[in-house]
Amino acid sequence: MPNEEKGEEKSPTPPLNAKGLFETYEKDGKRITEILRFNAVEVFFAGFLPPVVGSVSAIAIALIFHNDEISNYNWQCGRARLPSLSRIINLSVERTFWQLFILFHVPIRVIELITGFSRYKRLRNIHYKHTWLYEISRYIYFYIGLAELLFLAALSIIGERENIQLHVIFFYIFGICGIGHMISNIFCHAHSLYYINPYGRTSYYLKILFTSLYLLSAPILVGSFMLYWKKCITWGYDVFAVCEYCGVFLNICFHGCAFFDIRYKVCFSVRHVESVKDKSKKEEDSKKASPDIELKNRGHG
């Protein structure tokens, strides 16, 4: 009995070496060596700051330095003073900033999605009984989140000057995927241990706030564009452009809530894992082989 109890005990945390990494240890027949470790907050900022810098710099450069090129342009319904985001990223300098920073953060966001997908599974609230609904939401969170990133990258690469129809399609699919990802994220958050204090509820309410504003901006964006395009109300396009800017920043702010979700809770580690042959099996095999060897030796004798 004592031996069985010892076998059920969890293995102790391996000691740290001089570099602050775990010493090489064996677990479940595998030898694990930690190579690198990243602070979760550092990974978060690596994924959060680039889209902020890219979008702010692109819009600021366009409005300050290239105002004549994209503002005060005339369409069939009259002058529009503010440029749309699509027109901004059509310009060479603005396009460079936008693509550089937006595309840079995509792989890091994928890592964050994988982390969230895994942690939502392990941290589900055991008192929530509708497991199937939670699992559906978890998969929506992951796959719709991937689709959101895919179409964000697509609309960044294929602009109006490449193919305006595709660009518009990518833009609207990106927005729809963003809404789906936000709602599923909030649902999983509410029914998992992410919801607990000290930061869980702060993150939860911020997510609801940003999602609500994002949802409210969508009909205003579409309606204002229709007012300009169909009714030739000139201020409609300005409202449309402002809604585009707000939509981008609300999306970024929503994903910024991940700071509260992973702070002091997650550690990103790169490890090398290799299989280790079981010593007990080796000993058993050698014991089985030894009688045969003895018999052969006697036969020769």
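A salt bridge here is a side-chain nitrogen of Lys or Arg within 4 Å of a carboxyl oxygen of Asp or Glu. By this rule the count comes to five salt bridges. The model is predicted, so local features need pLDDT of at least 70 and side-chain atom pairs count only at pLDDT 80 or more, while totals for chains, interfaces and linings use all residues. Residues are numbered from 1 along each chain as its sequence is written, and side-chain values use heavy atoms, with hydrogens and water left out.

Select Glu-148 and Arg-109. They form a salt bridge, with the closest N and O atoms 3.5 Å apart. Glu-148 lies in helix α6 (residues 131–157) and Arg-109 in helix α5, so the pair ties together parts that are 39 residues apart in sequence. Helices are DSSP runs (H or I, at least four residues), numbered from the N terminus.

Next, select α2 (residues 40–65) and α5 (residues 92–122). Their axes, lines fitted to C-alpha atoms over the stretch in contact, come within 8 Å and cross at roughly 160°, with angles running from 0 to 180 degrees between N-to-C directions. α2 and α5 are therefore roughly antiparallel to each other (over 145 degrees).

Finally, select Ile-164, Val-168, Tyr-172, Val-222 and Met-226. They form a nonpolar patch on the surface, with about 400 Å² of accessible area together (Shrake-Rupley method, 1.4 Å probe, only the protein chains shown counting as cover). Patch residues have over 30% relative accessible area and no salt bridge, and nonpolar side chains (Val, Leu, Ile, Met, Phe, Trp, Tyr) are joined within 5 Å. Helix α7 (160–190) gives the largest share, three residues; Val-168 lies in this helix.

Note on methods. Helices (H or I, at least four residues) and strands (E, at least two) are DSSP runs, numbered from the N terminus. Angles under 35 degrees count as roughly parallel, over 145 as roughly antiparallel, 65 to 115 as roughly perpendicular and the rest as oblique. Patches are made of residues with over 30% relative accessible area and no salt bridge: like charges are joined within 9 Å, nonpolar side chains (Val, Leu, Ile, Met, Phe, Trp, Tyr) within 5 Å.
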